[in-house]
Amino acid sequence: MSPLNIVLLVLWAISALAVVILVLMHSGKGTGVSDMIASSMYNSSAASGVWEKNLDRLTIIASLVFVTTIVVFVLTFPQGTF
């Protein structure tokens, strides 16, 4: 495996963890268990505003890095080896 593939693999793993963490940080929008937990921990206005917009942006950026690393890794991975 080339050094580029190793760097891509590390970047892919970091972005995968970031996507999972960022998605879990989003506030629940339903009437299920996540809404009960969120309403007991925070007031209803705490999740709106600049924090939510920045969280959305970070999630989109991490998702794009995740997808881009997969595409580049598929294109640069040596054929016939594992």
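Residues 6-25 are 100% helix and 0% strand, with end C-alpha atoms 29 Å apart. Helices here are DSSP runs of H or I with at least four residues, strands are runs of E with at least two, and both are numbered from the N terminus. The model is predicted: local features need pLDDT of at least 70, side-chain atom pairs count only at pLDDT 80 or more, and totals for chains, interfaces and linings use all residues. Residues are numbered from 1 along each chain as its sequence is written, and side-chain values use heavy atoms, leaving out hydrogens and water.

The UniProt record, an unreviewed entry, places "transmembrane region" at residues 6-25 and 58-77. Such annotations may be inferred rather than shown by experiment. Residues 58-77 are 95% helix and 0% strand, and their end C-alpha atoms lie 28 Å apart.

Now take α1. Its 23 residues should span 33 Å at 1.5 Å a residue, and the end C-alpha atoms are 33 Å apart, which agrees. The expected span is 1.5 Å times one less than the number of residues.

One set of α1 residues is buried: N5, L8, S15, V19 and L22. Buried means under 20% relative accessible area, exposed over 50%, partly exposed in between (1.4 Å probe, protein chains only). These buried residues pack against α3, with contact meaning heavy atoms within 4.5 Å.

W12 also sits in α1. W12 is partly exposed, at 34% relative accessible area. α1 (3-25) and α3 (50-76) each supply at least two patch residues. α1 gives the largest share, 5 residues.
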